[in-house]
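Q: Please go through this model and say what its terms rest on.

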Amino acid sequence: MLYANTRDMAGAKVFNARLHQFMPDDVEAANAAVPTNPVELGLADLWKRTAGTLSPRGRKLFRKAIQDMTDSWVWELNNQLINRVPDPVDYVEMRRKTFGSDLTMSLSRLSKGDAVPEDVFNTRTLRGLENSAADYACFVNDLFSYQKEIEFEGELNNCVLVVQKFLGVDKDEAVSVVNALMTARMKQFQHLVAKELPVVIRAFDLDAKAQEKLHQYVEQLQQWMAGIPRWHAGVTRYTEDELRQTRRRSARPGTAPAWACPRPASPSCSAPASPEFNRSPKPFESSTWRR
């Protein structure tokens, strides 16, 4: 939001490029990079406490998931700055990254250790399960956040709007299309679990421990898919009353919204002051980033 409102693509790219400095391979060695804003400070702390428990391979996968997510936010910003509504294929592929789906799934996957061979996760079946779950979660968010993003924030990266533009239909028709896509992805997930997952287990001759860990992973994907709509339906974040109150608060003279403070809050910002900036955040948890 900060760089979208200032239309500062160069600043966004610099901001994003600096983040990798706070995700080093050696989490115990002193880092020469000095955080200059709350995001860098929080990432440095979270990386050390979360990635430190991972194997070198796990650390590499985890870092890539974070980098892919933040890179995709620059892609979103570029769409907004050039007033481009992406085409459906491009959008769906990138949406999995912008929503933090890969980050969420990588945390779940890495928690299983090495019990499940990496080649299993690279099969068409597992990739299909992950993509189906990610698409379902992303489409749920786009339906709930449509008014917030399109009417109140001037966003262009929303599946409902993408369908409207691509098919030349109105909002209600586009919502029906997105709902049908969600249903199809859910059915695809169920089909893969029932018909193809047992084939993968037999093909790799997985032992009892590996089968248990793999089933745990699939169950966690199911829980994630079930939790996403429940969370969205239970919060006030997307209600019109809340959106109008947020707009009024942001419009008060001399008050900037919390996300507009790139450094520890100054008196003109409504974000918490320096004690909050220096507080240690919790380690990464297996939950997606909210829009």
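A: Buried means under 20% relative accessible area, exposed over 50%, and partly exposed in between, with a 1.4 Å probe and protein chains only. Of the 291 residues of the protein chain, 42% count as buried. The model is predicted: local features need pLDDT of at least 70, side-chain atom pairs count only at pLDDT 80 or more, and totals for chains, interfaces and linings use all residues. Residues are numbered from 1 along each chain as its sequence is written, and side-chain values use heavy atoms, leaving out hydrogens and water.

Q: What is the mean pLDDT of the protein chain?
A: pLDDT is the predictor's confidence in each residue, from 0 to 100. The mean is 85, and 85% of the residues reach 70 or more. Over residues 256-290, however, the pLDDT is below 50.

Q: Why are the buried residues of H2 said to line one face of the helix?
A: Helices are DSSP runs of H or I with at least four residues, numbered from the N terminus. In H2 (residues 9-18), Met 9, Gly 11, Ala 12 and Asn 16 are buried. Seen down the axis, these buried residues fall within an arc of 160°, so they line one face. The arc is that of the directions from the helix axis to the C-beta atoms. On the face turned away from the buried side, Ala 10 and Val 14 are exposed.

Q: What makes H9 roughly perpendicular to H10?
A: H9 (residues 159-167) and H10 (residues 171-203) pack at an angle of about 110°, with their axes 8 Å apart. Angles of 65 to 115 degrees count as roughly perpendicular, so H9 is roughly perpendicular to H10. Axes are lines fitted to C-alpha atoms over the stretch in contact, and angles run from 0 to 180 degrees between N-to-C directions. Contact means heavy atoms within 4.5 Å.

Notes. Helix = DSSP H or I, 4+ residues; strand = E, 2+ residues; numbered from the N terminus. Parallel < 35°, antiparallel > 145°, perpendicular 65-115°, else oblique.
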